[in-house]
Amino acid sequence: MAKNTDNTAEIGFEEQIWKAADKLRGNLDASEYKSVILGLIFLKYISDKFDERHQELIDEGDGFEEDRDEYTYKNIFFVPESARWSVIAKSAHDPEIGKVIDEAMRQIEAENPKLKNILPKNFARQELDKRKLGDVVDLFTNVQMAEKGDTRDILGRTYEYCLSKFAEAEGKNAGEFYTPACIVKTLVEVIEPYKGRVYDPCCGSGGMFVQSAEFVKRHQGNIESLSIFGQESNPTTWKMATMNLAIRGIDANLGPANKDTFFDDVHKFDNFDFVLANPPFNMKDWGGKDLKNDPRWEFGIPPEGNANFAWVQHMIHHLKSNGRMGMVLANGSLSSQTGGEGDIRKAIVEADLVEGIIAMPDKLFYSTGIPVSLWIISKSKSQPGKTLFIDARDMGTMVSRKLREFTDEDISKVAKAFDTFREGKLEDEPGFCKVSTIADIEQQDFILTPGRYVGIKPEEEDGEPFEEKMARLTGEISKCFEESNRLQEQIKKNLEAIGYGM
């Protein structure tokens with residue numbers, strides 16, 4: 001059994017799970033053992049929620065503890081007796097533990113149509129070390145003894161934590177399923193989805209929805225006031241999103257299966273209060289040549305070789321008349337003129353839809369070091385005819401040699417700027433923010449790069465009088481020249497000593 005089970009809690013538990021996952025990995029790629037760990041987290045979560053309701057029914061004494069309907073009407077998955085965690089825990093160090101878990105997954109899917117073909121069933125494979133798998137099962141068993149927070153909160157955080165670590169391990173492929181939490185949180189804090197219908201057409205593992213729910217909680221709201229809709233083309237990622245949201249207690253409509261958003265829009269006839277998305281950057285083979293007459297292209301036909309403005313227009317198309325959206329785009333979308341992109345951008349600006357553009361710093365993603373920008377689009381702007389430009393490229397904190405984090409303080413500064421802007425009280429701050437009109441943007445040929453608008457941050461005065469500073473600097477450079485001359489003479493002498501006089 002894992003040690004220190006009497007104080008397992010929060011981040012400590014998350015790190016323990018990740019360390020266990022790392023040991024379990026063996027010769028498996030991160031993309032393969034990801035489903036093992038995330039599948040176990042999900043299995044433990046639904047079993048805990050079932051056990052909690054099971055005990056309630058036993059206490060009521062009416063004999064309904066095995067009645068499936070007593071669980072489903074409370075949005076709790078029914079877990080057959082032989083698939084419950086107590087059975088799995090007892091088999092933790094049995095050589096057949098992999099088969100036990102696979103069978104539990106099959107039985108749970110059979111009892112719960114929502115989970116059909118969602119759960120991983122690859123625990124019995126030979127490459128998976130069964131002794132280490134048993135150790136991980138022990139560790140999950142111990143989460144019931146956590147002193148702080150309920151198991152849903154702890155397991156939900158653990159799921160997100162492991163997603164981020166898997167993203168770090170997978171590198172360039174991580175963009176398919178994970179958007180860094182700091183970027184998602186920035187978007188959520190700016191568009192403020194207090195209540196209504198929230199949509200992500202390329203939802204990855206569901207991070208936008210998780211942060212939307214967290215936003216509502218932080219502001220003392222009720223997550224029941226949010227309706228979640230999404231779509232994802234990658235089958236494995238779609239399954240991860242389904243499990244991630246279920247662990248968080250978020251009821252979501254992600255379509256009946258993974259689908260291509262452009263060719264099989266599962267929410268084709270729906271409109272939404274909020275749209276949040278991090279679409280694939282500069283997607284080339286998106287099928288544009290077969291969609292030239294699509295009604296979504298209100299502002300112009302997107303180029304066949306780049307889907308950036310196909311995503312933008314798809315999302316605007318699904319936005320309600322008073323809706324607001326936030327999306328991540330590669331910086332090229334701010335200024336590109338190729339394939340008609342400049343004309344599409346111009347039309348969107350002239351329609352007064354661009355509420356704000358945020359230039360983010362580089363190195364925020366596991367998958368790429370390039371900087372990105374956040375587009376804030378609104379169909380009912382608080383400040384009509386105006387756009388807020390924010391240059392946050394110098395913000396953030398390096399957490400490793402390759403990775404930067406946009407901190408809570410950074411996010412708060414950006415979100416506060418938008419709040420003040422919407423109130424009509426924001427003052428321009430050179431180097432950080434500028435409120436511009438459509439006429440201002442037209443003068444810049446409808447290029448939306450924030451640096452063009454916010455200008456340069458003024459240098460701070462150091463208080464040293466000019467004459468004194470010049471005298472000091474002149475003296476310092478004179479000493480540098482003297483040292484340079486001395487070194488030149490020394491080099492000449494050294495060369496002469498070995499027969500190479502100058």
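Start your tour by selecting K44 and W85: the charged end of K44 sits over the ring of W85, 6.0 Å from its centre. Sitting over a ring requires NZ of Lys or CZ of Arg within 6 Å of the ring centre and within 35 degrees of the ring normal. Then pick K413 and F432, where the charged end of K413 sits over the ring of F432, 4.3 Å from its centre.

A word on what you have open: this is a predicted model, in which local features need pLDDT of at least 70 and side-chain atom pairs count only at pLDDT 80 or more, while totals for chains, interfaces and linings use all residues. Residues are numbered from 1 along each chain as its sequence is written, and side-chain values use heavy atoms, with hydrogens and water left out.

Next, the ring pairs. The structure holds 15 aromatic pairs; rings of Phe, Tyr and Trp (its six-membered ring) pair if their centres lie within 6.5 Å, with planes under 30 degrees apart called stacked, over 60 edge-to-face and the rest tilted. Select F281 and F365, an edge-to-face pair at 5.6 Å centre to centre with 80° between the planes. F281 is in the loop between β4 (272–277) and α11 (308–317), and F365 is in the loop between β6 (354–359) and β7 (372–378), 84 residues apart. Helices (H or I, at least four residues) and strands (E, at least two) are DSSP runs, numbered from the N terminus.

Now move to F389 and Y453, which are stacked at 3.9 Å centre to centre, with 5° between the planes. F389 counts as buried at 0% relative accessibility (buried is under 20% relative accessible area, exposed over 50%, partly exposed in between, with a 1.4 Å probe and protein chains only).

For a cluster, show F262, W286, W297 and W311, which are linked by ring pairs. Not counting residues up to four places away in sequence, H314 touches Y199, P201, T261, F262, D265, R296 and W297, contact being heavy atoms within 4.5 Å.

Finish with the largest nonpolar core, a set of 100 residues in which I37, I41, F42, I101, I358, I390 and F406 touch the most other members. Such a core joins buried Ala, Val, Leu, Ile, Met, Phe, Trp, Tyr and Cys residues through side-chain atoms within 4.5 Å. Helix α2 (residues 30–60) gives the most to this core, with 12 residues.
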